[in-house]
Every structure is written in structure tokens, then in C-alpha cells.
There are 2 protein chains.
Amino acid sequence: MAPSSTSAGSPRRPRADAERNRTRVLDAAREVFRARGDEAQMPEVARAAGVGIGTVYRHFPSRAALIAAVGEQRQAEIVEFGRTRCLPSATAADGLAAYLEHIGEVLDAERGLSASIEAAFGSTEPTGEGRARAEDIAGQLLVRAKEEGAVREDAEVGDVVMIVCGLAAVIRYGAGDWRRYVRNACAGLRP
Amino acid sequence: MAPSSTSAGSPRRPRADAERNRTRVLDAAREVFRARGDEAQMPEVARAAGVGIGTVYRHFPSRAALIAAVGEQRQAEIVEFGRTRCLPSATAADGLAAYLEHIGEVLDAERGLSASIEAAFGSTEPTGEGRARAEDIAGQLLVRAKEEGAVREDAEVGDVVMIVCGLAAVIRYGAGDWRRYVRNACAGLRP
DNA sequence: AGCGGAACTGGAATCCGATTCCGTTTAACC
DNA sequence: GGTTAAACGGAATCGGATTCCAGTTCCGCT
């Protein structure tokens, strides 16, 4: 493919240090939020990344945006898992269950991010770049599962989205055994 | 003899104006949070209640505590509904569905409180005064529903709690049609 | 039918953390 | 090497929750 370029021509290559710092900040944020959850503060992230606060804000216009960016990374990983592990499952129902389970796993491992991912999967988010792909996987599994007769005909992707949104909350608030939640939710889609 | 208590008894009746102000603040908070959601600020509440900020803080040690207090009122109302409308249902399964539906209704009507109620139903909350009663109702319905064979034998109150927690999130983030969510969740408990 | 003082009140002051601003530094292009 | 736009750092600003306290009000007693 043609090298990346904007439509209007390339005024200048992005500075190397800028790109490096962006990555550093993102990595640091991931780590800090994992460790301290919602408590984590912007200066902490900056310090962990070894940059000034200003730099953090240069790359991410707000705390929320930073969290969202980290969340999107996660989403990407989830999508990847879904494509490689769940779509090829023997039965689509199993694949869907594994998909949900994996999402739970990720959220559980990074409690601090739950809120963000919750939000990302909720409808608040404007873009939905990665979300669309995540939903696409769920959609494919759902279609196949219907063909297999393992899922009610009237089930929709939206139902899965709501399950995920709920899952995030269950994990975030530690409302109970989230694996049970996933199992029940799957059962709720059966004919 | 004079009934004056010596040690642990009631040192004094709470001052009338204090109680009045507490109520005013609580009512104002309910209204302000309903109208403006999470955005609502403490000074707004104080103004709406016609008291100073200090007074708000005298009665509720923090913003979170105030929100929690409002949430508990809601919880009480939900419990009341559960007792009078759901427990007497023809079938326990219907009662349970109605209970969940009602919770959804309340949360939907007051988007701004969703977060608090979510939290109150999650395990974050220490007390669980009203929550215990809310769970008790769910528990009774669950037992009866099992007897009726409308719910799986291994279903627990915890499962319902998770459903409610998820429901709150679905509504809060507008993740989809929450009535469908409730229907699916109920289906997930069937044998 | 008034007094003493604890409890309550209002709002100014404080604190804390996100966000902005701007002089300085650096990498890309010539 | 020189020019310049972009990126950097961190001090300053801003917004909103929370604390503090001097003044006021009710309660219990006489």
C-alpha cells in the first residue's frame, strides 16, 4: 500500500520524540491506572512516563481522553482475541461464551479501567471505531449460533452489548461472581 | 425521677431546625440530581435547599454521602413497591420480572442517580441496610419461583444482584433497550 | 419568661487536582 | 549550520469539593 499520507500533501513528518512520548504516556497510563484505578492522577502518569504534564496534555486533551485511549487499546486486544480464538470455535455458542469470558478476564485484571471500558461499550462514546469491530465479532457469532439453534432467533447484537456493559459494572463494583453472570447471561439468549 | 439519661441513652432530641434542614437538603438534592445528573454541584444543592453550604456538609459529610442518602430513599421506595406489588404476584416469576422492571423504571426516570444506586447495589456500600431488605424480597421471590419450577434450582440472590447492577449500568450509559435486558436476564434464570 | 450553652448556620477560606499557558528546547528540512 | 514549526516542561490558573469558625438559634432548666 501507499505510504501513509494526508490528502492535502505531507507538510512534515511527525517528530520522532513526539511519537515516542505518546507511546510512553499511553503505556504509563495503562500501568498507573491498572495499579491505582480511578484514583490515579495526571501528574502521576506524567511522572511515570518521564515527561511533563504539558506533554501528557499535548497528546491527550483530557484525562477522559487518556483513559479512553487506554481503553481502546484494550478493546483492540479483545477484538484480536475474538478473531483468533472465538470465531474459530467449534460451536458459535461456545465462541460467544469464550468471548464474554475473555472480556471479563480483561476487565477483572484491570479494575481501574472498567469504568472507561464500560463507557466505551456504552453509547456515550462518539467514535466507536474499535467498538464496531468488537460488535462485529459478536454479530458473527450470534448469526452462527442462531443457525446452530443455540440462540433465540430474535437475539441482537444490542443484547450482547448490554450484557457486556452490565458485566463491566458487575466487575467494577465487585457485585458478585462475574463468571456466573456471564453464564446466566448466555443462558438468557438460548431459545 | 427525671428521665435524664446518664450515659449512652439519648443525650438530647435533635433540634427541630436541624431536622427540617436535613429534609430540605435531601429533597433539594433529589431534585437537583434528577435535573442535572452527576453535573450537579454542592452549591447548587445548597441554594436549592435554601441553606448554606456548611449546612449541607453538616448533615452529609461528603457529596458521595449525600448522593448515597438520596439513593437510599429510592431503595426504600423500591422495597416498598416490591413488598406491595411483587410479592403478591400470581406467580413468583412474574413478580420478579415486575420487580426488576420497576427498578429499571426508577433508574431510568432519574438518570443522574443511576451511578449512586449502582454503587449502592454493588458491594462498595458498607451498610446495606436497605439493600438487605431489597435482596430479601428478591430472595423470597426466588424461592417461590423455584418451587414453581420457573427458575433454575441453583439460582441465588447474588445472581439477581448482579442483574440489577448490570441494569443500572445499561441505563446509565444508555447501552440499549433496558427492557430487553431485563427480559433476557430473567430468561437466563430459567431452567 | 429568661438564661446558659450546646448545636446549628452561612459563607469565606482552603485544598486539591485537572487543565492552560508560555518561554525554552528540539527535531526536521533546507 | 541556520531556520522554523512543533514539542517540551512545569509554573500558574481555575473549578469545585471540603473545612473552619464567628455568629445565631433552639432546648432544657429554673
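What follows is a set of questions and answers on this predicted model.

Student: How are residues, chains and ligands labelled, and which pLDDT limits apply?
Tutor: Residues are numbered from 1 along each chain as its sequence is written, chains are lettered from A and ligands numbered from 1 in the order in which they are written, and side-chain values use heavy atoms, with hydrogens and water left out. The model is predicted, and totals for chains, interfaces and linings use all residues, whereas side-chain atom pairs count only at pLDDT 80 or more and local features need pLDDT of at least 70.

Student: How many helices and strands are there in chain A?
Tutor: Helices (H or I, at least four residues) and strands (E, at least two) are DSSP runs, numbered from the N terminus. Along the sequence, chain A reads α-α-α-α-α-α-α-α-α. The count for chain A is nine helices and zero strands.

Student: What share of the 191 residues of chain A is buried?
Tutor: Buried means under 20% relative accessible area, exposed over 50%, and partly exposed in between (1.4 Å probe, protein chains only). Of the 191 residues of chain A, the buried share is 48%.

Student: Which element gives the largest share of the surface near DNA strand C?
Tutor: A residue is near a strand if one of its heavy atoms lies within 4 Å of it. DNA strand C is surrounded by 25 residues, the closest including Arg15(B) and Arg58(B). By class, this surface has nine nonpolar (Ala, Val, Leu, Ile, Met, Phe, Trp, Tyr, Cys and Pro), eight charged (Asp, Glu, Lys and Arg) and eight polar residues (the others, Gly among them). The largest share, five residues, comes from α3(B).

Student: Which residue has a polar side-chain atom 3.1 Å from a phosphate oxygen of DNA strand C?
Tutor: Of the atoms of DNA strand C within 4 Å of the protein, 70% belong to sugar or phosphate and the rest to bases. The side-chain atom at 3.1 Å belongs to Gln41(A).

Student: How many of the 10 residues of helix α9 of chain A are buried?
Tutor: Among the buried residues of α9(A) are Trp178(A), Tyr181(A) and Cys186(A). Their cover includes α5 (92-109) and α8 (157-172) of chain A, together with α8 (157-172) and α9 (178-187) of chain B. Helix α9 (residues 178-187) of chain A is largely enclosed by the rest of the structure, because the number buried is eight.

Student: Is Val157(A) buried or partly exposed?
Tutor: Val157(A) is in helix α8 of chain A. Leaving aside residues up to four places away in sequence, Val157(A) touches (heavy atoms within 4.5 Å) Glu135(A), Gly139(A) and Leu142(A). With a relative accessible area of 25%, Val157(A) is partly exposed.

Terms used:
Polar contact = N/O pair within 3.5 Å; in protein donor to acceptor, adjacent residues only side chain to side chain.
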